[in-house]
Amino acid sequence: MSGEGTGRRRWGVPVAARPFGVIAALALIYALALALGWGGGASGSWLAAWAAAAAATSLLYAAQRAPHTPAGKFDRDVWRWFGIAALAWCAGETFNAISRLVISRAVVAVSPADLFLLVAPVAMAAGFIMPMRLPRNARPWLRYLADTYVCACALFVVGWVALFDRLYHLSGEGWGQFLIELRYPVFDAVLLCVLLPVALGAVRGRHRRVVIAYCALLLLTAADVVYAAIRLNDGGAHGTPADLARTFGFLLLGVAPWVVRGEQSADEVLRPLVRPGIAPAATAAAAAIFVAGHSLTAGRELRPIVPVVAGSAVLVVLARLGELVRDNERLRRAVGTGEEHFRALAESINDVVLICGVDGVVQYVSAGARRSYHHAAEHLLGRPVYDVIHPEDLPRVTDVVTAFLRAVADAADGDGDGDGGVVRVACRVRATDGTWMPTESTISQYGRGGDGATDRLLVTTRDFSEQAALQRQVTHLTFHDGLTGLPNRAYFEERAREVVARRQGPVAVIFADLDGFTAVNDSIGHAGGDQVLAQAARRLHAGVLADDTVARWGGDEFAVLVESATEVQTVVDLGERLLRALAGEPYRVADRSIVLTASVGIAFTEDGIDGLELIRNADIALSRAKDLGGGRVEVFAAKMHAEVMRRLELGGDLQRALSEQQFAVEYQPVVELATSRLMGVEALVRWWRGGVFVPPEEFIGTAEESGLMVPLGNWVLREACGQVARWRESGWEIGLSINLRPREIAAPRFIESVAAALADSGLPPEVLTLEVREEVLVDGTEELIARLSALRDLGIRLAIDDFGTGYASLAYLRQLPVDVIKIDPSFVAGLGRDETLTLLTRTIARVGRDLGLIVVAEGIERPEQLELLREMCCPRGQGFLVSRPMAPSDIESLVRTTPCGDAFIPLHGSVISAS
């Protein structure tokens, strides 16, 4: 398998394992070289040079592969500097090997290799130090240098006494030459002391790769010490043990980048671990004890350099200890000042501040305990804080504290993130009067014991009584209606979902609505309407069981959730009682009595429906009750939902039909009954949906509900005005009648749209008659009546459509702003068959004539109806006997005209000419 295929392996070998293979291969080469005697005395230098080259390649390749992240930048800087150091060591070892071969295999004290071999440790130190966050002021640097000096002096004294003093006597060389031979061990010892805090910091921060690099530097230092000792002992160049240590040091340095990373955060950088004064003092003390013991056992005096170095180190240690004493005193004062500030702050705030042991025993309590909970300090000190926590909250609080202490301990051990931070916990606390007050507490660590573990906790407790009360109020307002105090729609929906989900028996939802409530707001104002709603809510709440939920759904709609609907008839009886409760008595608003009816819809749970679907079904049943005239109870049936879906689909098709102009206008003639002369036409909208005729009664209501009635009515108005204007231009003296819906009249800029249609078509205003149902004139708002009056001011005629259905009395006709009354077809249908209807029709015709109004009889279908209407002197009529609604071309082909422009329509098979 190829390396590209695995991403982590090549020829089955993990990437991290390759350096170890290199070590094994080089070790084998080294063993063969020693066995064959290859290279003579230079074989060790050649092998060390190859090992250094391998380490440089590994380090520089690792630097190139480092990712572009904070941690990757740290690795990149470290490996780049270490790679430069390995290259310098490679060059130095190469010069050494060449020098040994060329110059008769002799040992050269100083050579060009020394330049590279001294530059290499400097680059190595740069790799340790440069990526760190270094201090910016001088004092930390002075402490660092002092500690490094003391450690280096101690190592020098120990090394001199233990090894180099004897070698100095054996070598017989002068002091200067001897120091030259010690240049590498001394330089390496100083470098190790300089980097020791960095190595300790790497151990603590789990930078394993940096620790391995420091161990490699230790091996290289040991190699230099062994090599110097061998040369000073016999003066030869044989350095096999030193070369072996140096080789493995280089190989270990090359392995460092491929060791698994420790678990530190991505942006963590290397920081030196410094224990000021302690490490150098301990090192110096150990060195002094060693020197003293060696002097007593060896029985000879120390060289002058040893007391000088040791004395200078002692002076530096004494200076550092003095600084430590000053720092400790300053810290003690700072701690005392901080404690005073802490107590002053704790006493000045309203929150309760506690200092407790990890066992919960109170060690300090602020004055806020008396102000908030009336607890005196002596009542809490020495007692567990758990004694005042509510028993129901105690297990949760204990778990939170235990988890917090565990997190703090893990952070102290280096197994967790951060230092444990702070935790918040809400619980109830007992006041002295026994009441339980809601609180929120913040817990953090306050102190550590001698073992470094947390021994005290800082607890800040805030009284949340006002916030809890406000939260309860907000929750109540969120789920309750502010006017009636009943649960609102959100609460009802959630409650219905819960009840239906866990139901063990039938569940029902009842929807109730006040019929005609909009007129209440329009007549007595919204404040009066709110009083009516509040009274209706009280009536509903009084009419249900305690387990049932009554909610205000919105507007004048209410909902009742019956959780134990054991029998269908019982729920239906409840719906009828609620209907009677809402409509049985008038509502009192100030000195007025308002009589309203109500509609009720009921739905029951079925298999496979949830709470929201149950609510939807009840709402559909309510809509059905209102469509049937209101004042009744309807129970949901599946066909109701199908009807609603059909109407929704119809609304979408209406929108598309309007945009695609699928509608047409047909015209039904209105004639003068005595002469059959065409007096006008009534414009009627027609819709062929996919080639199938849709009766107006099926889509007009949907158009009103969907808001399409306004643009549809405006289109009919402009189309009809244009057609009649063209007929009049051809010599027909006819008028135009168009039906209006209340929504059209209430539409913005309605007056302007009518005036624009007349102006664009050129139709005179007096030719246009707008028909409205009589309830619009009788019960309409002042704004609607004002708009109709404005139309009359333009010269447009107004007609009462379907007059006689019971909304307007004959005596009220004088007060209505109308010019035409159209007798309802139900009256005309009874002519000759029902004496009462015949009498009423005769009366309407006579009163209209007496008031100067034009009377039009609608729905003439039989000849006897026509004859009776002529006998009653009803001036005009329309119906299927006269003509069905027709397209403009059919009207033109049917109508006969005279030279003077009068148009006639044949009635019942004959043409009646003007008398």
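At what angle do α25 and helix α27 (residues 782-793) pack, and how far apart are their axes? The angle is about 25° and the axes are 10 Å apart. This is a predicted model, in which local features need pLDDT of at least 70 and side-chain atom pairs count only at pLDDT 80 or more, while totals for chains, interfaces and linings use all residues. Residues are numbered from 1 along each chain as its sequence is written, and side-chain values use heavy atoms, with hydrogens and water left out.

View 1. Two packed helices are described by the angle between their axes and the distance between the axes. Axes are lines fitted to C-alpha atoms, for helices over the stretch in contact, with angles from 0 to 180 degrees between N-to-C directions. Helices (H or I, at least four residues) and strands (E, at least two) are DSSP runs, numbered from the N terminus. Helix α23 (residues 709-729) and helix α25 (residues 750-761) have axes that come within 9 Å and cross at roughly 30°. That makes α23 roughly parallel to α25 (angles under 35 degrees count as roughly parallel, over 145 as roughly antiparallel, 65 to 115 as roughly perpendicular and the rest as oblique). The crossing of α23 and α25 is right-handed, a term used if the near helix is turned clockwise from the far one by less than a right angle, anticlockwise being left-handed. α25 and α27 are likewise roughly parallel to each other, and their crossing is right-handed.

**View 2. Strand β19 and its two partners.** Strand β19 (residues 768-773) has 5 of its 6 residues buried, where buried means under 20% relative accessible area, exposed over 50% and partly exposed in between (1.4 Å probe, protein chains only). Two strands pair if DSSP finds at least two bridges between them. Strand β18 (residues 735-739) pairs with β19 in the parallel sense over 4 bridges, and I738 stands opposite L770 in β19. Strand β20 (residues 797-803) pairs with β19, also in the parallel sense, over 5 bridges. The bridge partner of R773 is D801 in β20.

**View 3. The hairpin of β9 and β10.** Strands β9 and β10 (residues 557-562) pair in the antiparallel sense over 5 bridges. T549 has L561 in β10 as its bridge partner. The hairpin has 2 residues between the strands, and G555 takes a positive phi near 60°. Because 5 of its 6 residues are buried, β9 is largely enclosed by the rest of the structure.

**View 4. Aromatic pairs.** The structure holds 11 aromatic pairs. Rings of Phe, Tyr and Trp (its six-membered ring) pair if their centres lie within 6.5 Å; planes under 30 degrees apart count as stacked, over 60 as edge-to-face and the rest as tilted. W89 and F250 form a tilted pair, 5.5 Å centre to centre with 50° between the planes. W89 belongs to helix α4 (residues 70-102) and F250 to helix α10 (residues 240-255), 161 residues apart. W89 is buried at a relative accessible area of 7%, and F250 is buried at 0%. F492 and W553 form an edge-to-face pair, 6.2 Å centre to centre with 85° between the planes. F492 lies in helix α17 (residues 489-501) and W553 in strand β9 (residues 549-554), so this pair ties together parts 61 residues apart in sequence. Both F492 and W553 are buried. Ring pairs link F492, F511 and W553 into a cluster.
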